[in-house]
Number of protein chains: 2
Amino acid sequence: MNQSMAQKPHEQLAATLSDEMDAVNTLIRTRMASKHAPRIPEVTAHLVEAGGKRLRPMLTLAAAKMCGYDGEHHLKLAATVEFIHTATLLHDDVVDESGQRRGRPTANLLWDNKSSVLVGDYLFSRSFQLMVETGSLQVLDILANASATIAEGEVLQMTAAQDLKTGEDIYLQVVRGKTAALFSAATEVGGVIAGADDAQVKALFDYGDALGIAFQIADDLLDYQGDAKATGKNVGDDFRERKLTLPVIKAVSQATDEEREFWKRTIEKGRQEDGDLEHALELMDKYGTLAATRDDAHGWANKAKDALSVLPKHPIRQMLHDLADYVVARLN
Amino acid sequence: MNQSMAQKPHEQLAATLSDEMDAVNTLIRTRMASKHAPRIPEVTAHLVEAGGKRLRPMLTLAAAKMCGYDGEHHLKLAATVEFIHTATLLHDDVVDESGQRRGRPTANLLWDNKSSVLVGDYLFSRSFQLMVETGSLQVLDILANASATIAEGEVLQMTAAQDLKTGEDIYLQVVRGKTAALFSAATEVGGVIAGADDAQVKALFDYGDALGIAFQIADDLLDYQGDAKATGKNVGDDFRERKLTLPVIKAVSQATDEEREFWKRTIEKGRQEDGDLEHALELMDKYGTLAATRDDAHGWANKAKDALSVLPKHPIRQMLHDLADYVVARLN
């Protein structure tokens, strides 16, 4: 472990890219303005300024810089990616009827569902304008496909989330829609705008995809074994919200008839009683599904690191390597 | 009036473009499919197959054909435009909490708000993929800007609709967002894909813009003076829903203090009593605002017709001319 590991990898990235991130933040603020509809920047600012790590735009900047880019278009693409992310959060909160996001009340609670839907649409259209300004059809193609994967994944989650027939393949697609599609598009467009060769562009896609999947699997696992203080979630929130995530899917696939009835009642029908979460955890323990899920997350993190081998030797490459370790390190 | 006027202009267009409209409908059906999320085509089909005149995609086909296009990309653009339209309808229904659309229950009532939001997002992303396939950055630029105008107009409507300070300039912007931006983008991209010159492309934009505005003003006027059977709306729906449309805006701008209190109570505060609609109609009559609104609608229809002069002499040009007359003919 080298000395710089005292800083977390995303903090190292943030430090390395700080000038460009400042420019991205300025661009975001400029482009979320609306002369006539002040509600738009109000709602957006509520989310954008709540912070978050800005991981997605940072990935775009990192990929472009690592591949030797010295233009300005990567700033627009980074803002694009953050706008798409913010728009999906706004729409998710309507869909999930959430009351909290990043420790603050959600926009749909502070304003209303209308504002969340319409401001989300506005940010999508602003992101679309930004990417058109780069003049790259390849970038537009990548982001159009990512948008479709995101939207399809969201619908899939809504219809499959409480259906015990949902297997690991569907789970993976939902995860790609929810998280990995925007991660992989973020890294890929960074390479494309830098003029990286096909093998490197593919490697950047693979890195973002695997990183996003590792990140989401880790998140789903922490819901069952995390420390509430560190994660900001209570153990078993997904179970109470009847979400079929990987640890449960693995347990369902091996369930006895009686256990299947238990999952049917608690997840499909949502009739939960005291002690059900404890019993669910026992069943996951019985089949070792939390350990197996952890292994999967590590497997994806390794795929992410492997993908980096064809990319230029650049300090950022090591940070991306460490980032893949970091997203699963909290599982150990 | 020539003999073919027995057919309405949009029916003439539909007959002239029927092969291409069939191809567009096939494309729409193919592209709304989703292998894993059957909810998507269910919801979309509910709207798409409810019919409607398919005016927007027809405008794209008409513009391209009039400008001599003989490729295939106009089909993709027509489908793009219809997808964007359908997506905005889905989101509008959530925003308006509507129960009916085109005489059928809305998707958010049949399924839920979630489905309407997410399937709308899916259709936006599909439309985005379709336009990228045309490989025209100019087309992408036009549709990105139209999307932003639409989204901004929707937010503006939400925040300005019940504010008596809303003047005719803001009304026009809302109308552009609600209707005219997609009309003008539909005609403009048809010209661009056909390689029309700049003056013709501008004329196509102007035609669509003015046609859309005429159409929406007519709609808002018919709400106060229409025949419920012909329009499918009850007289005064907009008043009851406290919408500041042009006839009211014109009356508010000339109101005495006492009249202003009336508008404040009924529109801003929404405290309506028996007889209020009748009094509102009296005030509109007193200042002749229904007649003035009708004049405005005719003025926009004339602008639309004037714009056509630089376009190629083609049978479709006459149909577009007649269409502009038709949207305001019902006002006489």
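Contact, as I use the word today, means heavy atoms within 4.5 Å. With that in hand, A:W263 touches, leaving aside residues up to four places away in sequence, a set of residues that includes A:L164, A:F239, A:V252, A:L283 and A:M284.

Please keep in mind that this is a predicted model, in which local features need pLDDT of at least 70 and side-chain atom pairs count only at pLDDT 80 or more, while totals for chains, interfaces and linings use all residues. Residues are numbered from 1 along each chain as its sequence is written, chains are lettered from A in the order in which they are written, and side-chain values use heavy atoms, with hydrogens and water left out.

Turning to the interface, 41 residues of chain B are in contact with 41 residues of chain A, and the two chains bury about 3,700 Å² between them, 76% of it on carbon and sulfur atoms (buried area being the accessible area, with a 1.4 Å probe, that two parts lose on being put together, summed over both). Across this interface the rule finds 0 salt bridges, a salt bridge being a side-chain nitrogen of Lys or Arg within 4 Å of a carboxyl oxygen of Asp or Glu.

Over all chains, however, the search finds 32 salt bridges. One of them joins the side chains of A:R31 and A:E133, at 3.0 Å from N to O, and A:E133 is partly exposed because its relative accessibility is 35%, between the limits of under 20% for buried and over 50% for exposed (1.4 Å probe, protein chains only). In chain B, the side chains of B:D276 and B:R265 meet at 2.9 Å, N to O, and B:D276, at 5% relative accessibility, counts as buried.
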